[in-house]
Amino acid sequence: MNYRAAKQYIVKRLSKELSGQLHYHGLHHTLDVLRMATVLCDSEGIFGKDVLLVKTAALFHDAGFVTNVHSGHEAEGCRMVQSILPDFGYTQQEIDQIKGMIMATKIPQTPGNLLEEIICDADLDYLGRADYYNIANSLFEELKAYSILKDERAWNQLQITFLNNHRFHTRTNLAHREPVKNMYLKKLREKELSDQTEDR
């Protein structure tokens with residue numbers, strides 16, 4: 001498996017083909033997920049070839065966005081992986097593992113093993129980080145650009161529902177990200193109550 005060549009290939013495509021409307025799902029997000037997936041592999045005791053599989057899944061998990069559609073980008077990414085990765089020496093078994101990781105990130109997340117848990121937690125790692133507000137705002141701008149959301153009130157309600165239903169999976173993120181995420185959820189609920197009071 002030639003991970004380095006596969007990385008060079010997809011990073012080049014993402015840098016050229018992703019829409020400028022993808023304020024959140026841009027190349028910067030993919031590289032952030034790659035970084036956090038690498039950190040999580042180390043902290044969760046994943047080594048060797050499995051690390052390369054996780055890192056490949058991180059690089060391709062949102063590659064389906066080159067089609068410039070929100071719905072179904074995970075399945076599109078899997079089609080790309082199936083078509084492209086044999087050229088870089090990945091076996092069918094390895095490709096199937098990568099596709100499993102990509103599909104596990106589909107909301108609601110459904111990881112079935114530790115590698116899938118790692119990619120899921122890396123994908124939404126920002127929910128429990130200090131840069132949560134900046135990254136969340138970029139997603140809000142993206143959803144407005146695609147006419148998925150209209151205003152901040154709807155966005156706050158969506159975030160409350162999303163954060164309330166979300167759970168981290170790895171021991172690392174349950175310990176380090178879940179408490180911070182719950183703090184943000186509490187603040188969003190307080191803001192919603194304040195907004196409702198003002199409306200009365």
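1. F140 and W155 are both buried (buried is under 20% relative accessible area, exposed over 50%, partly exposed in between, with a 1.4 Å probe and protein chains only). Keep in mind that this is a predicted model, where local features need pLDDT of at least 70, side-chain atom pairs count only at pLDDT 80 or more, and totals for chains, interfaces and linings use all residues. Residues are numbered from 1 along each chain as its sequence is written, and side-chain values use heavy atoms, with hydrogens and water left out.

2. On to the ring pairs. There are seven aromatic pairs in the structure (rings of Phe, Tyr and Trp, the last by its six-membered ring, with centres within 6.5 Å; planes under 30 degrees apart are stacked, over 60 edge-to-face, the rest tilted). Y9 and F88 make a tilted one, at 5.7 Å centre to centre and 50° between the planes. Y9 sits in helix α1 (residues 3–17) and F88 in the loop between α4 and α5 (92–104), so this pair ties together parts 79 residues apart in sequence. Helices here are DSSP runs of H or I with at least four residues, numbered from the N terminus. Y9 counts as partly exposed at 29% relative accessibility, while F88 is buried at 17%.

3. Back to F140 and W155: their ring centres are 5.5 Å apart and their planes at 20°, so the pair is stacked. F140 belongs to helix α7 and W155 to helix α8, so to speak two distant parts of the chain, 15 residues apart, are linked by this pair. There is also a cluster, in which ring pairs link Y24, Y126, Y132, Y133 and Y184.

4. The largest pocket has a volume of about 750 Å³. For the terms: on a 1 Å grid over the protein atoms alone, a pocket is an open set of points where a 1.4 Å probe fits, with protein on both sides within 12 Å along at least five of seven lines, and lining residues have an atom within 4 Å of a point. Points are joined across faces, edges and corners, and the volume is the space filled by probe spheres set on them. Of the 29 lining residues, T105, I107, L124, L139 and F162 are the closest to the centre. Two or more lining residues come from each of α4 (73–84), α7 (132–145) and α8 (152–165), and α8 gives the most, with six. By class, the lining has eleven nonpolar, 13 polar and five charged residues (Ala, Val, Leu, Ile, Met, Phe, Trp, Tyr, Cys and Pro are nonpolar; Asp, Glu, Lys and Arg charged; the others, Gly among them, polar).

5. The second largest pocket holds about 180 Å³. Its 13 lining residues include Y133, E152, W155, N156 and L188, which are the closest to its centre. The largest share, five residues, comes from α7. The lining divides into seven nonpolar, three polar and three charged residues.

6. Last, H61, in the loop between α3 (49–60) and α4. H61 counts as buried, at 0% relative accessibility. Its side chain makes polar contacts with those of H29, at 3.3 Å, and D62, at 3.0 Å (N or O atoms within 3.5 Å, one able to donate a hydrogen and the other to accept it; residues adjacent in sequence count only if both atoms are side-chain atoms). Beyond its neighbours within four places in sequence, H61 is in contact (heavy atoms within 4.5 Å) with H29, T30, V33, H73, I102 and D123.
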